[in-house]
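Trainee: I'm new to this one, so please take me through it slowly. I'd like to know what each label rests on.

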Amino acid sequence: MSTLKHKGKGPQSLTANLLRGGYSVWLTEDFGWSQDFADALKTEDTDLMERMQAIGNRDVDANEIVGLYFIDIEPDSGLPVRYREKFRVRGPSYDTADLIDQPSAESA
Amino acid sequence: MYRYDEFDTRVVYARVRQFSDQVARRLDGSLTEEQFRPLRLMNGLYLQLHAYMLRVAIPYGTLNSAQFRQLAHIADTYDKGYGHITTRQNMQFNWPELPDVPQILRDLADVEMHCFQTSGNCIRNVTSDPYAGAAADEIKDPRPTAELLRQWSTIHPEFTFLPRKFKIAVVGSPNDRAVIRSHDIGIEIVKQEDAIGYHILVGGGLGRTPIIGQTLRAFCPTDELLPYLEATMRVYNRYGRRDNKYKARIKILVQETGIEEFRAQVDAEYAKLVPSEIGVSNAERERIAAYFAPPDYEDLPPVSTVFESAKESDPGFKAWADNNLVLHRQSGYAIVNISLKPQQRAPGDIDSTQMRLVADLAARFSFDELRTTHQQNLVLPHVRLDDLAAIYAELKAKGLHENNIGLISDIICCPGMDFCALATARSIPVSQAIHERFSDPARQRAIGEMQIKISGCINACGHHHIGHIGILGLEKAGVEFYQVKLGGDSSEETRLGDITGPGFSHDELLDGIERLVERYMETRTEGERFIDTYKRIGLAPFKEVLYVDF
């Protein structure tokens, strides 16, 4: 869960991690959870946010997700405001898994 | 190597059963996340930025081939086919899933491994010199002491909930290869007249408040070690702050109390103890030490014609041998450093195929032993000179032949924002870019010994405070920037780097390092390393070129 405080102003999305896999997820428009931020529900509607929170709490109680929190969204780009959250959306910029089976050193 | 006794085995499998049950209860909802979190952390399981991360303990960085093969198996079966060597000699897996963790712990237990005390406010995995038992400058092998501390500190009921985490490192040589002055307690084996004992340092640490450890006791007799440490821990446990996690480490307590008063408190506590109730007998110490007896070396001449002729015929092998080998205490043998710092990969990462190769090499050529280092590399500690060319050929076939140990591209680097939930900026791409900028092997050798250390946040897992060039990644308004410290030293002459000034963008940083290196090379005198030149001329000449564009 983020240790950084979000302002809670402007568009918001709801995020968490899957309990079993640990992967980052975002609440979708049909109130499911997606590992793809492109599917995330983004809203400024406070009534809808209350409903999102209730659904999130339900799924925490159902042991599907952990670490539930809202994040601020940039109105123009539709991306998270905070740098850390941008990284959660993009995934690592580097992962050794992507290079496995390739020679890792060329110099003699 | 130490082998588990019946007690160790029972404890480790009991923990596997216990945690398996805890995971099952978490998955079925019997435990809330709030209840489960401290339990998973006690077993090295973190929830990081993108996924769970499991940290496996490698006691004092020592492994046998079966253990390394098992780590490769875990990487393939439950993760993405690789592992990451940390700056405390452990191995992390970045992508395990919670339901698999009990079986991972079971697989680890099968080869006498676990994840105890790789997280939480307890005494963490004890680290040591990766050249232990092999180094020519060694007074005494530190591994029996490290093993004694492992046994003493494992699930120690009094020290499981300390004010904050607690790190101990042990060396047996005057040359510090385990950064003992940056540990909560650093232990150096010393000789006083004919007696072997311990120089005990306390209150070192990095993080947001870097402090160099101070001498707590200049000479602690061997049989007093455990009772004296017990007294030290009790003073910390009693007076260490619990109201503010940023002031809870023992370094803050020692700084605020003063070393003289702190020592008096430890002495007073020690006087109340009955050492025989805590210490171990000579027979027990000898029993442990017997596991670390020198291997069955062959009687070999100091010069190998096989080795020398291989160097003549293969320049690549010669460059690797000149840079990655260290003198062994035994004639005809060498210590082999295996670099995990190829340009394309994250420092310290190793894939499962490479793990299996190194395990095989350890079994065939190094008495079944290998080591992890705090510099995030590997070591084969006891290799015949005659076998070096064969080892090099096999390492080369798997991309493990980088000849940059101790050079500018042998960078210590934390996972940073790419993986870590605490990070403020990326560190891996910075290390890769520096490596690319200085990729010419001849240029690297011309620069000579250089320690660049990069941390992705102020917690300093990348040891940036004690890098010759230390780099701290931060972020402001969505833009990463990097602060530079200069003149840090992780050796027995430990020195904290000097803050240079405002931070740099990624590209500015690379150009700045280039100018620092140029200033060093035009200023150095015969035989001077970067750190020597820095200590001689100070910050100003380097700062002048670092900020030339400002």
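Mentor: Start with a definition: helices (H or I, at least four residues) and strands (E, at least two) are DSSP runs, numbered from the N terminus. This is a predicted model, in which local features need pLDDT of at least 70 and side-chain atom pairs count only at pLDDT 80 or more, while totals for chains, interfaces and linings use all residues. Residues are numbered from 1 along each chain as its sequence is written, and chains are lettered from A and ligands numbered from 1 in the order in which they are written.

Trainee: How many helices and strands does chain B have?

Mentor: Chain B has 19 helices and 20 strands.

Trainee: And what makes chain B as compact as a globular protein of that length?

Mentor: The radius of gyration, taken over C-alpha atoms, is set against the globule rule, 2.2 Å times the number of residues to the power 0.38. For 550 residues the rule gives 24 Å and chain B comes to 23 Å, which is close, so chain B is as compact as a globular protein of that length. Along the principal axes, the C-alpha atoms of chain B fill a box of roughly 60 × 60 × 60 Å.

Trainee: What about E8(B) and its links to E7(B) and E9(B)?

Mentor: Four bridges join E7(B) to E8(B), again parallel, with B:Glu188 in E8(B) as the partner of B:Val171. E8(B) and E9(B) are antiparallel and share eight bridges; B:Ile187 stands opposite B:Ile200 in E9(B). E8(B) and E9(B) form a hairpin with two residues between them, and B:Glu193 in the turn has a positive phi of about 55°.

Trainee: Why is H5(B) called roughly perpendicular to H10(B)?

Mentor: Angles under 35 degrees count as roughly parallel, over 145 as roughly antiparallel, 65 to 115 as roughly perpendicular and the rest as oblique. The axes of H5 (residues 143–153) and H10 (residues 282–290) of chain B come within 9 Å and cross at roughly 115°. That makes H5(B) roughly perpendicular to H10(B). In this contact B:Pro144, B:Glu147 and B:Leu148 of H5(B) meet B:Arg285, B:Ile288 and B:Ala289 of H10(B). By class, that is four nonpolar, no polar and two charged residues.

Trainee: And why are H15(B) and H17(B) called oblique?

Mentor: The axes of H15(B) and H17(B) (residues 506–523) come within 10 Å and cross at roughly 40°. H15(B) and H17(B) are therefore oblique to each other. B:Val430, B:Ala433, B:Ile434 and B:Arg437 of H15(B) make the contact with B:His506, B:Leu509, B:Leu510, B:Ile513 and B:Glu514 of H17(B).

Trainee: One more sheet: why do E1 and E13 of chain B stand at the edges?

Mentor: Five strands form an open antiparallel sheet in the order E1-E2-E5-E4-E13 (chain B). E1 (45–47) and E13 of chain B each have a single partner strand, so one side of each is left without a neighbour in the sheet.

Trainee: Lastly, how many residues of chain B are in contact with chain A?

Mentor: 33 residues of chain B are in contact with 26 residues of chain A. On the chain B side, E13 (349–351) and H15 (428–437) are the elements that give two or more residues.

Technical notes:
Axes fitted to C-alpha atoms, helices over the stretch in contact; angles between N-to-C directions. Contact = placed C-beta atoms within 7 Å. Nonpolar A, V, L, I, M, F, W, Y, C, P; charged D, E, K, R; others polar. Pairing = 2+ DSSP bridges.
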